Amino acid sequence: MAPSGVRPGGAGQEHRLFSAGGINHPDNYEKALDYIFDELKNNHPVALAVYVSGATGSEKNADKITNHFITVIGSGIDRVGGFYLSYLENGTAIEDKGRGGKLYYDKIVKSITSSSDMNIFGRNIRATAVRLNYSLIEK
């Protein structure tokens, strides 16, 4: 993300979407999506904290649910699932897996997810938080 002039913030510097124990934060989705759109308009990628089903590591994170991070690089609308966020998978050493995918926003349920048949992990993914960016350029 550094080439874009930003870096993601840490835990607590975020729009929380989903928490351990299955707690959804529906009031935060609109703010989070507006934030993502604003950053994308400025050509800034956005770090998205996610829970990947079947993966480990969530117990090590402060929120006890996030076990991976992906980078949102765009958005769009398609006939398959409606509104989506496109992302890059940058946390794998498997070269052919270092590509992107789509997460779909469900405005009724208030969730940003990808089913196992629609992503490179072959597992269900759910967004847990949108990390806020900080400028690397002195103003």
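Let's start with the aromatic pairs: there are four of them, counting rings of Phe, Tyr and Trp (its six-membered ring) whose centres lie within 6.5 Å, with planes under 30 degrees apart called stacked, over 60 edge-to-face and the rest tilted. Take F37 and F83, an edge-to-face pair at 5.6 Å centre to centre, with 85° between the planes. That pair ties together distant parts of the chain, since F37 sits in helix α1 (residues 29-41) and F83 in strand β7 (residues 82-88), 46 residues apart. Helices (H or I, at least four residues) and strands (E, at least two) are DSSP runs, numbered from the N terminus.

This is a predicted model, where local features need pLDDT of at least 70 and side-chain atom pairs count only at pLDDT 80 or more, while totals for chains, interfaces and linings use all residues. Residues are numbered from 1 along each chain as its sequence is written, and side-chain values use heavy atoms, leaving out hydrogens and water.

Back to the rings: Y29, F37, F83 and Y105 are linked by ring pairs into a cluster. F37 is partly exposed at 26% relative accessibility, and so is F83 at 21%; buried would be under 20% and exposed over 50%, with partly exposed in between (1.4 Å probe, protein chains only).

Now for the inside. The largest nonpolar core has 21 residues, meaning buried Ala, Val, Leu, Ile, Met, Phe, Trp, Tyr and Cys joined through side-chain atoms within 4.5 Å. Helix α1 gives the largest share, six residues. I36, among those with the most contacts inside the core, is in contact (heavy atoms within 4.5 Å) with V46, V72, L85 and V130, leaving aside neighbours within four places in sequence.
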